[in-house]
Amino acid sequence: MRLILLGPPGAGKGTQAQRLVARYGLVQLSTGDMLRAAVAAGTPVGLKAKDLMAQGALVPDDMVCAIIADRIAEPDARNGFILDGFPRTVGQAEALDAMLKDRKLGLDAVIALKVNEDALLARVEKRVAEMTARGEAVRADDNAEALKKRLDAYRAQTAPLIDYYGGKGTLNVVDGMAAIDAVERAIVAILEGTGSAAKRKPARQSAKKVKKAKKVAKRPAKAVKAAKKAKKTTKSKAASVKSAGRATRARKGARKAAVRGTRKAAAARRPAAKKRAGTARRTVKKAAKRKSGRR
Ligand code: AMP
């Protein structure tokens, strides 16, 4: 799954990104975090970005685009990623489109967190208080003056992305003023509703699945046909068994009749044979008498 979280500073992009990371096992790609790390490490990028960031201004597109291009090529981003704080200009969005196209990747969703700007200062103040309480270093741009500039930059350079992604049909707007859990639920519902949570990959496979499902759906009809055929075959088999039985019985009957006929004929022949035998016996006796008289 690859998605973008859009929203002004303090809208809760980072918080929601972390929850989605935990839920879906994605990587969070926050250009703000990467730039802060570069500043802390004193890299050439960090040195260039440091002052702009402290003032609440955006760093040049080519700088952040180069960072993202390298980052999405890393192995851990293969399973999907959440872009948090990038893109921030239409130029960056176009560069991202080109990067994804080069890698034959798509975007699953763009989630825009809609917030009431009046509440943002209070949110940022809360974040500063929490970070201080945890003993963490407070961001150089988390103050009223820098926040105003960041908001100006958002309105002028980032807000046009709402139309940019709206035109592409990938935009989803979520009420970022709701409680953190409710915002998460709304995002999850969008991702799962669009099939993004099931990840685009399976969505592409789903064409295959649909084909298979259609095949399976056809099966009952096939089964009915097969059953009909089997019934027919059984019937004709039964019929032929019946007729075979009849034939066998007829054959047996004929044989019996023949035997009966033979017996009858034999019986009929018996008296004649007896007669002939009697005649023969008498002839033999007469001949014997004649012989003895001659003597
Ligand atoms: P963030 O942590 O996202 O609020 O970003 C902090 C600061 O980093 C921003 O005010 C910018 O100065 C810089 N920055 C972060 N992401 C970008 C970006 N995509 N384009 C330009 N500047 C950025």
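Because the model is predicted, local features are given only at pLDDT of at least 70 and side-chain atom pairs only at pLDDT 80 or more, whereas totals for chains, interfaces and linings use all residues. Residues are numbered from 1 along each chain as its sequence is written, and side-chain values use heavy atoms, with hydrogens and water left out.

**The ligand and its shell**

Now turn to the atom pairs. The side chain of threonine 31 places an N or O atom 2.8 Å from a nitrogen atom of the ligand, and a polar side-chain atom of glutamine 92 lies 2.9 Å from a ligand nitrogen. At arginine 36, an N or O atom of the side chain is 2.9 Å from an oxygen atom of the ligand. Taken alone the ligand exposes 470 Å², of which the protein buries 96%, with areas computed by the Shrake-Rupley method and a 1.4 Å probe.

Go to asparagine 172 in strand 5, residues 171-175. Asparagine 172 counts as buried because its relative accessibility is 18%, the classes being buried under 20%, exposed over 50% and partly exposed in between (1.4 Å probe, protein chains only). Its side chain reaches the backbone oxygen of threonine 170 at 3.2 Å.

Then select proline 87, in the loop between strand 3 (81-84) and helix 5 (90-102). The peptide bond from phenylalanine 86 to proline 87 is cis, with omega near 0°.

Lysine 104 lies in the loop between helix 5 and strand 4 (109-114), and has a positive phi of about 55° although it is not a glycine. Most residues other than glycine have a negative phi, and most peptide bonds are trans. With a relative accessibility of 74%, lysine 104 counts as exposed.

Move to alanine 73, in the loop between helix 4 (61-72) and strand 3, which counts as partly exposed at 43% relative accessibility. Its C-alpha is 9.7 Å from that of methionine 99, a residue 26 positions away in sequence.

Finish at leucine 26, in the loop between helix 1 (13-24) and strand 2 (27-30). At 4% relative accessibility leucine 26 counts as buried, and a distance drawn from its C-alpha to that of glycine 80, 54 residues apart along the chain, reads 5.4 Å.

Technical notes:
Polar contact = N/O pair within 3.5 Å; in protein donor to acceptor, adjacent residues only side chain to side chain. Helix = DSSP H or I, 4+ residues; strand = E, 2+ residues; numbered from the N terminus.
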